[in-house]
Amino acid sequence: MIERVELEISSDCNAACPGCARTQKIDLVKPANLTLEQIQTWFPNPKNIQFKFCGVLGDPIVNPECMEITKYLVDNGGKIQYSTNGGRNSADWWRELGTLGIDVHFCVDGTGTNHIYRVNTNYKIIKRNICLLYTSPSPRDRTRSRMPSS
């Protein structure tokens with residue numbers, strides 16, 4: 001039985017990090033996205049599987065079907081974790097994602113230096129997205145914030 005799966009659902013990214021092979025134009029892969037149809041075919045019963053959407057060369061939130069893929073897996077009992085620079089998508093998108101109760105690891109390289117290492121991202125937008133995600137009502141408890149206490 002499969003317990004954990006790590007997927008790069010997009011090989012595209014909104015950032016242009018200086019150390020990334022994609023930015024350095026090393027010809028590894030052409031930008032591509034996994035589709036909801038592919039995920040449904042590969043995982044017809046995702047119940048109790050831990051999915052990690054990683055960002056090795058791409059960022060999962062760049063995939064235009066990211067939300068639909070996430071909803072499919074969550075609605076069918078999968079558990080999701082993202083690794084993302086968090087610098088893309090609308091406020092409404094992040095609010096909706098927050099209601100799905102997934103784990104998100106934001107890759108931020110300092111509050112004053114993020115723009116140096118995560119080129120083409122905006123720390124203010126990333127901070128907004130973090131706040132929207134964690135202040136959206138969780139499906140487990142729709143009455144209070146999931147924002148970590150400081």
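This is a predicted model: local features need pLDDT of at least 70, side-chain atom pairs count only at pLDDT 80 or more; totals for chains, interfaces and linings use all residues.
Residues are numbered from 1 along each chain as its sequence is written, and side-chain values use heavy atoms, with hydrogens and water left out.

Q: Which strands stand at the edges of the open sheet?
A: The open sheet has 4 strands with parallel pairing, in the order β1-β2-β3-β4, where strands are DSSP runs of E of at least two residues, numbered from the N terminus, and two strands pair if DSSP finds at least two bridges between them. Two of the strands have a single partner each, so one side of each is left without a neighbour in the sheet: these are β1 (4–7) and β4 (103–106).

Q: How are α2 and α3 oriented to each other, parallel or perpendicular?
A: Helices are DSSP runs of H or I of at least four residues, and axes are lines fitted to C-alpha atoms over the stretch in contact, with angles from 0 to 180 degrees between N-to-C directions. The axes of α2 (residues 66–75) and α3 (residues 91–98) come within 11 Å and cross at roughly 10 degrees. Angles under 35 degrees count as roughly parallel, over 145 as roughly antiparallel, 65 to 115 as roughly perpendicular and the rest as oblique. The two helices, α2 and α3, are therefore roughly parallel.

Q: Which residues in α3 do C66, M67, T70 and K71 meet?
A: Contact means heavy atoms within 4.5 Å. The residues in α3 that these four in α2 meet are W93, E96 and L97.
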